[in-house]
Amino acid sequence: MVYLLDRKMETTATEAQDAPPPTPVAEVPPRPPAIQSEWVKRFLHILIEPRAYLTALYLLIAFPLGVTYFAFLVAGAVTGAVLSAVLVGILILVAVMVAAWGFALLERDLAIWLLGAKIAPLSLPNLEVVSTWEMLGRHLRQATTWRSLAYLLVKLPFGVFATAITVALLGPPIAGILVPTTRLLAEGPTPYTFSTLIFPGVFSVLGLALALHILGLIGRAWGRFASDMLGVGVAERQVWEARRRAEAADRSRRELIMNVSHELRTPIASIQAHVDSLLLPESVRPDAEETDRRLKVTSAETRRLADLIEDLLMLARADTDDIKVTIREVEVGPIVEQVALAIQPLARDERKVTVNYEVASTAVWALADPDRLTQVLTNLVRNAVNYTPEGGVVSIRVPAAGGAHVQIAVSDTGVGISPADLEHIFERFYRADSSRSRNTGGFGLGLSIARELVEAMGGSMSATSQVGLGSTFWISLRRADPH
Ligand code: ADP
């Protein structure tokens with residue numbers, strides 16, 4: 001019908017444009033056979049679909065399963081209720097609940113495997129360790145528990161229907177296919193055995209396809225019911241997810257407070273000891289040179305604390321997605337040069353480390369915040385200098401290679417980082433060499449802040465290293481169109 005209508009409209013449109021003689025609808029080459037053959041193909045295709053037979057199997061075993069659940073649960077519940085005055089009755093009721101849970105799990109798996117149903121988990125993982133009794137209590141308060149119990153009881157009447165209809169629909173066509181086939185095999189090819197291949201043979205094949213379609217419809221409808229009854233509801237999942245996120249945030253806050261208190265303890269103790277010693281009576285006070293040294297230590301520690309506060313503020317901003325980055329097209333070469341030149345004198349004089357830089361001859365442009373990029377690069381180069389022994393070399397490279405990203409590599413010939421440490425290097429407060437840097441170096445926040453900043457610019461950071469040979473830190477930024 002639709003086809004004829006379409007053709008008619010096409011013809012009318014053509015008429016309007018070129019006014020050719022009207023084409024009678026009847027003369028249109030007939031396409032319906034193609035549609036029919038497509039329909040027949042689709043109708044028969046079910047015969048080779050494994051899912052159709054799995055669904056039939058599911059429906060066939062629905063009755064024995066339904067009757068087992070029903071008998072077990074009802075008998076258990078009645079016995080438990082009758083004996084509930086004594087402990088054994090309660091234990092029976094608990095056993096019935098556990099068995100019901102097991103049956104529900106089995107039913108969920110069967111519906112997934114055989115019907116191809118999509119079902120959420122029966123329960124959500126406990127966010128904390130709880131006792132068996134508490135677990136049982138939660139289990140009883142959960143809506144899915146009662147929904148799945150109702151499902152198990154409904155499975156019996158459904159099973160009666162499903163198994164009966166499966167046998168009724170599949171029995172005749174299967175017999176109609178098997179009988180002529182066995183006869184042909186047993187009696188050999190005769191006009192009679194051949195004729196039975198056509199009737200009932202061919203009709204049985206059609207009947208089998210029809211039966212599988214009907215069973216498929218029943219299976220899909222039941223699969224949807226199973227998914228509503230055996231899976232955790234969307235609202236429950238959302239509440240669980242919100243709770244999980246709140247608890248993770250709470251845990252991370254507690255960890256942060258613990259780490260910060262721990263980090264503050266050493267410098268504050270050091271400042272206090274030095275200042276106290278300068279407040280001693282004049283007779284026991286250190287001499288001028290020692291006083292000067294102690295004041296310098298106090299000043300250095302105070303500066304470290306100020307840096308820590310800055311880092312913590314930055315992390316707090318990162319946690320509230322409040323890091324301000326102004327991303328624009330930036331030429332990377334001059335920034336690399338500026339950072340290298342700024343650190344070179346200090347690295348050479350204080351640590352006898354050479355800082356090189358190497359930028360591609362053609363300008364490389366990236367999408368970044370120039371101030372933040374300078375901050376990140378400075379941090380990486382400072383680290384590289386700090387963890388490289390005298391005579392070592394630190395180099396910053398910007399390979400010109402094309403692609404969607406610009407890479408900046410900061411390499412050193414320093415102590416390197418072990419594979420176990422490398423996994424955690426970007427975590428907050430993580431220090432690979434705690435004994436070496438705990439009292440004098442940073443607080444293990446530099447790299448985590450650097451990564452947050454690079455990610456805020458739409459890029460990423462990574463590191464490779466070999467113990468004793470050195471490390472390379474990579475910044476990858478989105479490439480900007482060349483100017
Ligand atoms: P910190 O301020 O303590 O250096 P970072 O987050 O910058 O903190 O670095 C974390 C740890 O990573 C450092 O304590 C150090 O152990 C290790 N590290 C960082 N950069 C290098 C490097 N270039 N070579 C070797 N180890 C490094």
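Which helices each supply at least two residues of the lining of the second largest pocket? They are α5 (87-115), α6 (132-141) and α9 (234-278), where helices are DSSP runs of H or I with at least four residues, strands are runs of E with at least two, and both are numbered from the N terminus. This is a predicted model, in which local features need pLDDT of at least 70 and side-chain atom pairs count only at pLDDT 80 or more, while totals for chains, interfaces and linings use all residues. Residues are numbered from 1 along each chain as its sequence is written, and side-chain values use heavy atoms, without hydrogens and water.

**Pocket lining**
- Among the helices, α6 gives the most to the lining of the second largest pocket, namely 5 residues.

**Helix contact**
- The axes of α5 and α7 (residues 143-187), which are lines fitted to C-alpha atoms over the stretch in contact, with angles from 0 to 180 degrees between N-to-C directions, come within 10 Å and cross at roughly 75°.
- The two helices α5 and α7 are therefore roughly perpendicular to each other, a term that covers 65 to 115 degrees.
- Residues making this contact (heavy atoms within 4.5 Å) include Trp-101 and Phe-103 of α5 and Trp-146 and Leu-149 of α7.

**Sheet**
- An open sheet with mixed pairing is formed by 5 strands in the order β2-β4-β5-β7-β6, where two strands pair if DSSP finds at least two bridges between them.
- Because β2 (354-359) and β6 (460-466) stand at the edges with a single partner strand each, one side of each is left without a neighbour in the sheet.
- Strands β5 (residues 405-412) and β7 (residues 470-478) run antiparallel and are joined by 7 bridges, and Gln-407 has Ser-476 in β7 as its bridge partner.

Technical notes. Angles under 35 degrees count as roughly parallel, over 145 as roughly antiparallel, 65 to 115 as roughly perpendicular and the rest as oblique.
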